[in-house]
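Here are my notes on the model, point by point. Please keep the structure open while reading.

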Amino acid sequence: MKLLRAIIAANNWWVRRRGIRVKPAEVLLLLPHCLHKDTCPRNVVLSLDECRRCGQCSVGELARVREMEGVAGCMVGGGRQALQQARQPGIRAVVAVACERELVHGILAAWPKPVLAVGNTTPEGPCRNTMADPVQVAAAVREFTGA
Ligand code: SF4
């Protein structure tokens with residue numbers, strides 16, 4: 001875990017140092033399915049617009065960040081899907097939320113596209129009802145957009 005954390009910190013340091021600036025629409029906010037409250041009936045994998053922002057999980061606030069910052073965003077079920085989204089030609093930078101292991105895989109797989117990685121927290125254990133800090137995510141998005 002320490003090694004994964006060090007890789008993520010080094011990646012984020014390097015991406016920030018490069019001072020990359022892109023248009024909001026060229027930034028992809030990539031969210032893992034485990035953020036979605038497991039009792040929620042909304043199909044947020046289909047679209048984040050499906051979220052009713054009821055406050056029971058982090059998805060509502062993260063969907064708000066996507067809307068406020070004007071970036072692209074989606075929720076994915078796994079690494080392959082995440083990579084498909086990150087490789088879209090219109091996307092030039094990625095803000096990824098996930099556990100440390102998935103973040104490191106994603107950073108390596110998405111290269112050379114820059115990825116700012118934000119770790120989620122796991123109050124109910126791994127892969128279930130995880131959480132992410134919208135302030136941290138918004139700050140990462142703005143590092144790319146310069147907003
Ligand atoms: S915030 Fe959105 S995704 Fe989360 S439980 Fe409420 S409606 Fe479902």
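Predicted model: local features only at pLDDT ≥ 70, side-chain atom pairs only at ≥ 80, totals over all residues.

1. Cys127 sits in the loop between strand 4 and helix 5. Cys127 has a positive phi of about 70°, although it is not a glycine. Most residues other than glycine have a negative phi. The side of the question about cover is simple: Cys127 counts as exposed because its relative accessibility is 66%, and the cut-off for exposed is over 50%.

2. Arg53 is another non-glycine residue with a positive phi, here about 55°. Arg53 belongs to the loop between strand 1 and helix 2. With a relative accessibility of 28%, Arg53 counts as partly exposed.

3. Cys40 is also placed in the loop between strand 1 and helix 2. Its relative accessibility is 25%, so Cys40 counts as partly exposed. Cys40 and Arg52 are 12 residues apart along the chain, and their C-alpha atoms are separated by 9.9 Å.

4. Check the peptide bond from Trp111 to Pro112. That bond is cis, with omega near 15°. Most peptide bonds are trans. Pro112 lies in the loop between helix 4 and strand 4, which covers residues 115-119.

5. Ala109 is part of helix 4, residues 100-110. At 26% relative accessibility, Ala109 counts as partly exposed. What does Ala109 touch, leaving aside residues up to four places away in sequence? The partners are Leu83 and Arg87. Arg87 is 22 residues from Ala109 in sequence, and the C-alpha to C-alpha distance is 9.6 Å.

6. Asn11 lies in helix 1, residues 2-17. Is Asn11 buried or exposed? Asn11 counts as buried, because its relative accessibility is 14% and the cut-off for buried is under 20%. A polar atom of the Asn11 side chain lies 2.7 Å from the backbone oxygen of Val115. Not counting residues up to four places away in sequence, Asn11 touches Ile107 and Val115.

7. Helix 2 spans residues 59-69, and its buried residues are Val59, Gly60, Leu62, Ala63, Val65, Arg66 and Glu69. In an α-helix, residues three or four places apart point the same way, because there are 3.6 residues a turn. The buried residues of helix 2 pack against strand 1 (27-32), strand 2 (72-76) and helix 5 (134-145). Note that the buried set includes Arg66 and Glu69. Gly70 follows helix 2 and has a positive phi, near 70°.

8. Now the overall fold. The protein has 5 helices and 4 strands. From the N terminus on, the order is α-β-α-β-α-β-α-β-α. Among contacts between residues at least 6 apart in sequence, 67% join residues at least 24 apart.

9. The dimensions agree with a globule. A compact globule of 147 residues would have a radius of gyration near 15 Å, and the protein has 14 Å, which agrees. The C-alpha trace spans about 40 × 35 × 25 Å along its principal axes. Of the 147 residues, 41% are buried.

10. Last, the surface and the charges. The protein exposes about 8300 Å², and carbon and sulfur atoms supply 56% of that area. There are 20 positive and 12 negative side chains. The centres of the two sets lie 6 Å apart.

Conventions
Residues numbered from 1 in each chain as written. Heavy atoms only, no water. Helix = DSSP H or I, 4+ residues; strand = E, 2+ residues; numbered from the N terminus. Rg over C-alpha atoms; globule rule 2.2 N^0.38 Å. Buried < 20%, exposed > 50% of the residue type's maximum accessible area, 1.4 Å probe, protein only. Contact = heavy atoms within 4.5 Å. Areas by Shrake-Rupley, 256 points an atom, 1.4 Å probe, with all protein chains shown as cover. Lys, Arg positive; Asp, Glu negative; His and termini not counted. Charge placed at Lys NZ, Arg CZ, Asp CG, Glu CD. Polar contact = N/O pair within 3.5 Å; in protein donor to acceptor, adjacent residues only side chain to side chain.
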